[in-house]
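Thanks for making time this morning. I would like to walk you through one structure, beginning with the whole chain and then stopping at two residues.

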Amino acid sequence: SALAFNGMRPAAPARAMVRMETAAPPVPEVAPPPPKPVPKMSAAVPFLVENLATRGLAGSIGFDPLGLSNGPLPIEWMQEAEIKHGRVCMLAVLGMLVPEVITLPGREFSAIAAHDAGVTSGAMSQMLLWIGILETVALIGTMQMLNGSGRKPGDFGFDPLNFGTGKDAVRLQVAEIKNGRLAMLAFSGMITGAALSGNGFPFIYS
């Protein structure tokens, strides 16, 4: 041909350029978020929502209007503090009532006068010393509890009558907390009335 005669090669036929596109990976289906739990109202104050942090605790009826259970302190530490204060106040109420009925010779003191006499004689200083030692020892168990030892709040291993192992253990545990709460309120009122009125039982103005 004329092209071959002139030393030129015929042009190669054009090749179709096919662009291979990789398939996009399948988009995983995202599960919808679970529905929010229906808020449960407090059994103590029906118009307040129950604090979930207190659910399941002994003696809890969902009353925590200030949200202390959601604060920076561990709930176990706060529950143990409540139990210990309740126990102390139950003893304090008993200590205010018994001297109104039974007194030792030469020890006819009112509640406020007995406190002042204890400070003067040094008895209060001894109580502070021994209670401080007990609290220091008890702090070891508290720290172990906060580190996951499994110890229950308020359980110091002192149960000579085995109240904590019988069939009524749960009922007695709740009863102790409720009576402790009542004693904290009662002692606050009794000691305030005694200090203001200066009278014995019922610690009110005559």
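**From the chain to two residues**

Reading from the N terminus, the elements of the chain run α-α-α-α-α, and the secondary structure accordingly comes to five helices and zero strands. Please keep in mind throughout that what you see is a predicted model.

Of the 206 residues in the chain, 17% count as buried. The chain exposes about 16,400 Å², and carbon and sulfur atoms supply 68% of that area. As for the contacts, if we take those between residues at least 6 apart in sequence, 51% of them join residues at least 24 apart.

Let me turn to Ser69, which lies in the loop between helix H1, residues 2-5, and helix H2, residues 75-97. Is Ser69 buried or exposed? Its relative accessible area is 14%, and because buried means under 20%, Ser69 counts as buried. Leaving aside residues up to four places away in sequence, Ser69 touches Asn51, Ala53, Thr54, Asp64 and Ile75.

Leu146 has its place in helix H4, which covers residues 123-146. With a relative accessibility of 33%, Leu146 falls between the 20% and 50% cut-offs, and therefore counts as partly exposed. Which residues does Leu146 touch, not counting those up to four places away in sequence? They are Pro74, Glu76 and Trp77.

Key:
Residues are numbered from 1 along each chain as its sequence is written. This is a predicted model: local features need pLDDT of at least 70, side-chain atom pairs count only at pLDDT 80 or more; totals for chains, interfaces and linings use all residues. Side-chain values use heavy atoms; hydrogens and water are left out. Helices (H or I, at least four residues) and strands (E, at least two) are DSSP runs, numbered from the N terminus. Buried means under 20% relative accessible area, exposed over 50%, partly exposed in between (1.4 Å probe, protein chains only). Contact means heavy atoms within 4.5 Å. Accessible areas come from the Shrake-Rupley method with a 1.4 Å probe; for residues, only the protein chains shown count as cover.
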